[in-house]
Amino acid sequence: MAPKSSKLIERFRYDLLLGFIVAFYAFMVPYTKVEESFNVQAMHDILYHRQHIDNYDHLEFPGVVPRTFIGALFVSFLASPFVLVINLLHLPKIYGLLAVRIVLGCVVLSTLRFFRIQIRNKFGHQVEAFYIILTAIQFHLLFYATRPLPNILALCAVNMVYGYWLKGSSYAALSCLIFATIIFRCDMLLLLCPLGLEFLVIKSISFWGALKRCTGVALLCIGLTVFIDSILWKKLLWPEFHVFWFNSVLNRSSEWGTHPMHWYFTSALPRSLLAGYPLFLLGVFLDKRVLPSILPVLCFILLYSKLPHKELRFIISSVPMFNLSAAIAANRIYNNRQKTFWKLLYLIMLGLLLISLGCTVITFLASYKNYSSGYALKELHRTGHLSNSDEQWVHIDPFSAMNGISRFCENDFPWRYSKEEDIPLHQLQLKNFTYLVNEHPVIDGFNCLFSISGFSRLRLQIGFPPILLVTEPKVFVHGYSGNMDLLHKNWPGC
């Protein structure tokens, strides 16, 4: 048994390492933000409301653009046995959120494993080892791996694309990328075009063969998403076409902020790759096999840079391929470390890896403090239960709903919740709310019971530690001033 178990550990040691990091991030920061809200609420509704579509959250709060249910259905199906056990044990629904997030993380890591195996087959075990080291000390890829963003669902397919690409299965790579483009993220078209062009140039595919294959896959994917999403949205719908029209044709995404064209190269990639950023640039020059793999991904980012609204998560799918180039450079430096010039590069690389690890720790601590309303609602559930059996209504304002609270955070009777929007502050006292979770510290008719602080900024100082995380009150929990049972409790105040 011992040799078998040791072989098993040796075979999956990299997966266990990445899996531990992913699970650590999920358990330490269980709450979600507005970018994840559609898929989080969809998974909740699929698991808890099931066929009762009229109770689904998206019908009341549809969001700016519709999204597909396919990813949420797939993850919910895999997580349903765990959620069944959670329900049988009468555990809070927050454990259901952890279940779907861990399942999603496993899906992401399984596709990353497929890519990693192709790296090992083509570049060797040492490059594979450096690939894991770089991935492990980077924050964003593994932190996002359990977050049900459309970008992460697309990342699963893109990892398969990279794997098939290295394997030489060009048609399979294109098929996976079409699937990701049509169903999860229409912006993957910006990767599909340069990748398909490269395949044509190197003659790994034929034009007519690719046209027939891609057309067939595209029609199947369109049929799948239209069929499923039209049922759940209760109207004829292809979600990603609406997203494409909103973002690219109408260019409405810029209403959520803009960045200069160079932002991905000067901010997003350095933060997501850390030490991998200079190493990936070096890898292009050290190994002639790297450039053909990097070029379509670089074109993807260059094309994406034309859109004024930019976020790091939009290009998260480029990180695995850039890490491959960085791992090749790290391996070359390591193998030549005995030579004078390379020894200097080796010492610089070790320093960069340590700095990257430090940056990841700091970023994690900041993220831990970035979901204030989730912690506020948890504390309210712990301390705010009143002795009478009446319903206790909690109003959650838009800011709080966007910064940590989802349906998974809700408890059963006597707790009841409202996310009704556009209520003027002075009219909240006219409603039947027992508690408010709100971004405002003072509201007429309510007493501020306690506040939860969140991350504000970093501050440099002389001494240890050299970097401090500065927090400030972000979310305030208020109680109705006319409820004597509530006021008689011992609250910390604001």
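Buried means a relative accessible area under 20%, exposed means over 50%, and partly exposed lies in between, with a 1.4 Å probe and protein chains only. The model shown here is predicted, so local features need pLDDT of at least 70 and side-chain atom pairs count only at pLDDT 80 or more, while totals for chains, interfaces and linings use all residues. Residues are numbered from 1 along each chain as its sequence is written, and side-chain values use heavy atoms, with hydrogens and water left out.

View 1. Cys299 is partly exposed, having a relative accessible area of 27%. Its sulfur lies 11 Å from the closest cysteine sulfur, that of Cys193, which is too far for a bond. Cys409, by comparison, has a relative accessibility of 9% and therefore counts as buried.

**View 2. The disulfide between Cys448 and Cys494.** A search of the whole structure for disulfides (pairs of cysteine sulfur atoms within 2.5 Å) finds one. This disulfide joins Cys448 to Cys494, with 1.7 Å from S to S. The two cysteines link distant parts of the chain, 46 residues apart, with Cys448 in strand E4 (residues 446–460) and Cys494 in the segment after helix H20 (484–487); helices (H or I, at least four residues) and strands (E, at least two) are DSSP runs, numbered from the N terminus. Because the torsion about the S-S bond is about -75°, the disulfide of Cys448 and Cys494 is left-handed. Cys448, at 21% relative accessibility, counts as partly exposed, whereas Cys494 is exposed, with a relative accessible area of 56%.

**View 3. The second largest pocket and its lining.** A pocket is found on a 1 Å grid over the protein atoms alone, as an open set of points where a 1.4 Å probe fits, with protein on both sides within 12 Å along at least five of seven lines, and its lining residues have an atom within 4 Å of a point.

**View 4. Aromatic pairs.** Rings of Phe, Tyr and Trp (its six-membered ring) pair if their centres lie within 6.5 Å, and planes under 30 degrees apart count as stacked, over 60 as edge-to-face and the rest as tilted. The whole structure holds 37 aromatic pairs. One of them, formed by Phe143 and Tyr144, is edge-to-face, at 6.3 Å centre to centre and 65° between the planes. Phe143 counts as buried at 4% relative accessibility, and Tyr144 counts as buried at 19%. Phe179 and Phe184 also form an edge-to-face pair, at 5.6 Å centre to centre and 80° between the planes; Phe179 is partly exposed at 27%, while Phe184 is buried at 8%. Ring pairs also link residues into a cluster, among them Phe24, Tyr25, Tyr31, Phe143 and Tyr144.
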